[in-house]
Amino acid sequence: MDLALGEARKAEAAGEVPVGAIIVSGGAVIGRGFNQPISTTDPTAHAEIIGLREAARHQRNYRLSNAVMYCTVEPCMMCAGAMMHARIVRLVFGTPDPKAGSAGSIYNVLTDPRLNHRVDVISGIREDECAALLRDFFAHRRG
């Protein structure tokens, strides 16, 4: 989670919502990302999506069936869907997202038995630290 928090701080420094993601397979980091939708004018440039793209290039495969994603914030529906399609085995995230969370808060895309793949979800890892990044970012923006 340290590395994911580092990625989130990169997003914050760039004026983006501070969310970071790391993807690990076989004990090695194969993908990383931080939020960049504002700077790239790309609504899909969430930390998780950027990390998945990098990991898929690294593995030369869009299936990441032995990979674990660490993310500072609970993923949205788009990111949860992408994780499911990539066959991520486990998601570890810091703080829930009560407005858009799709790993248990609003929706539960990753463990829905109607879908053909399920992702093991672990939440609350360094939750206070991850939540503080978001809270401080938005407090500063509101000025």
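1. A salt bridge is a side-chain nitrogen of Lys or Arg within 4 Å of a carboxyl oxygen of Asp or Glu. Keep that cut-off in mind for the next points. The model is predicted. Arg-126 is partly exposed, at 33% relative accessible area. Glu-129 is also partly exposed, at 32%.

2. Arg-9 is partly exposed, with a relative accessible area of 40%.

3. Now join the pieces. Asp-2, Arg-9, Arg-126 and Glu-129 are linked in a network of salt bridges. The structure as a whole holds seven salt bridges.

4. Another bridge ties two strands. The side chains of Arg-90 and Asp-120 meet at 2.7 Å, N to O. Arg-90 belongs to strand S4 and Asp-120 to strand S5. The two residues are 30 apart in the chain, and the pair links distant parts of it. Both ends are partly exposed: Arg-90 has a relative accessible area of 32%, and Asp-120 has 36%.

5. Look next at the backbone. Most residues other than glycine have a negative phi. Which way does phi go at Thr-41, positive or negative? It is positive, about 45°, although Thr-41 is not a glycine. Thr-41 lies in the loop between helix H2 (37–40) and helix H3 (47–59). At 70% relative accessibility, Thr-41 is exposed.

6. Arg-87 also deserves a look. Its phi is positive, about 65°, and Arg-87 is not a glycine. The residue is in the loop between helix H4 (77–86) and strand S4 (90–95). Is Arg-87 buried or exposed? Arg-87 is buried, because its relative accessible area is 17% and buried means under 20%.

7. Check the cysteines. How many disulfides does a search of the whole structure find? The search finds zero. Cys-71 is in no disulfide, and the nearest cysteine sulfur, that of Cys-79, is 7.4 Å away. Cys-71 is buried, at 0% relative accessibility. The sulfur of Cys-76 is 3.7 Å from its closest cysteine sulfur, in Cys-79. That is too far for a bond, because a disulfide needs the two sulfur atoms within 2.5 Å. Cys-76 is buried as well, with a relative accessible area of 17%.

8. Met-77, Ile-106 and Tyr-107 make a nonpolar patch of about 290 Å². Tyr-107 is in the loop between S4 and strand S5 (120–123). Tyr-107 is partly exposed, at 44% relative accessible area.

9. Last, the largest pocket. It contains about 530 Å³ of space. Its lining has 21 residues, and the closest to its centre are Val-17, Val-73, Asp-97, Leu-134 and Phe-138. Which element gives the most to this lining? Helix H5 does, with six residues.

10. Arg-135 is exposed, with a relative accessible area of 52%. From Arg-135 to Val-92 the C-alpha to C-alpha distance is 20 Å, and the two are 43 residues apart in sequence.

Technical notes. Residues numbered from 1 in each chain as written. Predicted model: local features only at pLDDT ≥ 70, side-chain atom pairs only at ≥ 80, totals over all residues. Heavy atoms only, no water. Helix = DSSP H or I, 4+ residues; strand = E, 2+ residues; numbered from the N terminus. Buried < 20%, exposed > 50% of the residue type's maximum accessible area, 1.4 Å probe, protein only. Patch = residues over 30% accessible without salt bridge, like charges linked within 9 Å, V, L, I, M, F, W, Y side chains within 5 Å. Areas by Shrake-Rupley, 256 points an atom, 1.4 Å probe, with all protein chains shown as cover. 1 Å grid on protein atoms, 1.4 Å probe; cavity = no way out; pocket = protein on both sides within 12 Å on 5 of 7 lines; lining within 4 Å. Points joined across faces, edges and corners; volume = space filled by probe spheres on them.
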